[in-house]
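Dear colleague,

Please find below the structure that I am handing over to you. My findings follow it, arranged by topic.

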Amino acid sequence: MNIGFLGLGQMGEPLAANLVKAGHHLTVWNRTASKAAPLVKQGAKLANDIADAARNEIVCTMLADDSALQHILDDGLLDALPRNGIHLSFSSISVAMAEKLKKLHHDRGQHLVSAPVFGRPEAAAAAKLWVVVAGHPPVVAKIRPLLDAVSGNQVVDIGPDPVQANITKISGNFLIASALEAMGEAVALVRRYGVDPVQFIDFLTSTLFAAPVYKNYGAKIARNEYEPVGFRAPLGLKDMRQTIAAGEAKTIPLPMASLLHTQMLTAIAHYGVDADWSVIAKLAGDHGGTK
């Protein structure tokens, strides 16, 4: 397929690379053009501008937030994408932005498919992401080979409305942040009582909490390891804002989300904007006098 790809950050670059490996013809664009160099060496074409990348039957976006996506829309994507063209959005965006994006494409006779992903950059590079997709079924069927190329077939079709995939991503990240906070507090507590936190996490993740989030993040929290950075704390803060906003839109109180928003902001104040979002797990231990 002929594909435009916009956004080559920590997640976008490996996604695009796996599409090239799968034999697709990519035209790539990034705000910092030098980040496209590895992909060009692999056979991708460097776009002259956003519109150049969007003049394809499919355009993919992997962008940090609503603001970055709005910039892409305003600077050429909407006008350049052909009628019946498909916008495959991998980005973690708000419900309000997803609703707006859906209408903008509908008014132009274009199609939106939302396919946010779960997984860190190393999973993206290995094509082992989990993808949640939603959109008009025939359109989803057409782009399914792209999703398989980046996920190793770990794709869940969540419904016909693109917004359903975005709220699934928002709610999923809310659950992950909740787990990070809970593990940080639990590890701080057992450590203070002389229990080896590594043994504690090993026990629980091989029994009651045998899930990737608890196993992978839990091991890092127990060892006080928060590098390399896979998902920056400001993005986690953005996700908590999106969770709260989605709840307000449906009059659903989300007190845990409000707590996590405060904790994420506190973590950024303590550890900086370049820290991994998992540093919210450090707060309980550090405030309790343990490092």
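A crossing of two helices is called left-handed if the near helix is turned anticlockwise from the far one by less than a right angle, and right-handed if clockwise. Please bear in mind that the model is a predicted one.

**Helices α11 and α12**

In this model, α11 passes α12 in a left-handed crossing. On the α11 side the contact is formed by A233, P234, G236, L237, M240, R241, T243 and I244, and on the α12 side by A257, S258, L260, H261, M264, L265 and I268. Sorted by class, these residues comprise 10 nonpolar, 4 polar and 1 charged. Helix α11 covers residues 233-249 and helix α12 covers residues 255-271; their axes come within 9 Å and cross at roughly 160 degrees. Angles over 145 degrees count as roughly antiparallel, and α11 is therefore roughly antiparallel to α12.

Helix α8 spans residues 162-192, and its axis comes within 10 Å of that of α12, at a crossing angle of roughly 65 degrees. This crossing is left-handed. The residues that meet are F174, A177, S178 and E181 from α8 and M256, A257, L260 and Q263 from α12. The contact of α8 with α12 holds 5 nonpolar, 2 polar and 1 charged residues.

Helix α8 also packs on α11, at an angle of about 120 degrees and with the axes 9 Å apart. That angle makes α8 oblique to α11. Here, too, α8 passes its partner α11 in a left-handed crossing. From α8, the residues I167, I170, N173, F174 and A177 meet D239, M240, Q242, T243 and A246 of α11. By class, the contact of α8 with α11 has 6 nonpolar, 3 polar and 1 charged residues.

**K238 in α11**

Is K238 buried or exposed? K238, which is located in helix α11, has a relative accessible area of 11% and counts as buried, because the limit for buried is under 20%. Beyond residues up to four places away in sequence, K238 touches A64, D65 and S92.

**Strands β4 and β5**

Strand β4 (residues 58-61) pairs with β5 in the parallel sense, over 4 bridges. Within this pairing, C60 has L88 of β5 as its bridge partner. In strand β5, which covers residues 86-89, I86 and L88 point one way and H87 and S89 the other way, and all are buried.

H87 of β5 has a relative accessibility of 0%. Setting aside residues up to four places away in sequence, H87 touches V59, T61, L69, L77, L81, L101, H105, H111, L112 and V113.

**I158 in β9**

I158 belongs to strand β9, residues 155-159. With a relative accessibility of 36%, I158 is partly exposed. Its contacts, apart from neighbours within four places in sequence, are V132, V133, A134, Q164, A165 and T168. I158 and I58 are 100 residues apart in sequence, and their C-alpha atoms are 21 Å apart in space.

**Backbone features in the loops**

Where is the cis peptide bond? A cis peptide bond joins E227 and P228, with omega at about 5 degrees. P228 is placed in the loop between α10 (212-222) and α11.

The loop between α10 and α11 also contains N224. Although N224 is not a glycine, its phi is positive, at about 60 degrees. At 31% relative accessibility, N224 is partly exposed.

A positive phi, near 70 degrees, is found for N84 as well, again in a residue other than glycine. N84 lies in the loop between α4 (66-80) and β5. With 52% relative accessibility, N84 counts as exposed.

With kind regards

Note on methods. Residues numbered from 1 in each chain as written. Predicted model: local features only at pLDDT ≥ 70, side-chain atom pairs only at ≥ 80, totals over all residues. Heavy atoms only, no water. Axes fitted to C-alpha atoms, helices over the stretch in contact; angles between N-to-C directions. Helix = DSSP H or I, 4+ residues; strand = E, 2+ residues; numbered from the N terminus. Parallel < 35°, antiparallel > 145°, perpendicular 65-115°, else oblique. Contact = heavy atoms within 4.5 Å. Nonpolar A, V, L, I, M, F, W, Y, C, P; charged D, E, K, R; others polar. Buried < 20%, exposed > 50% of the residue type's maximum accessible area, 1.4 Å probe, protein only. Pairing = 2+ DSSP bridges.
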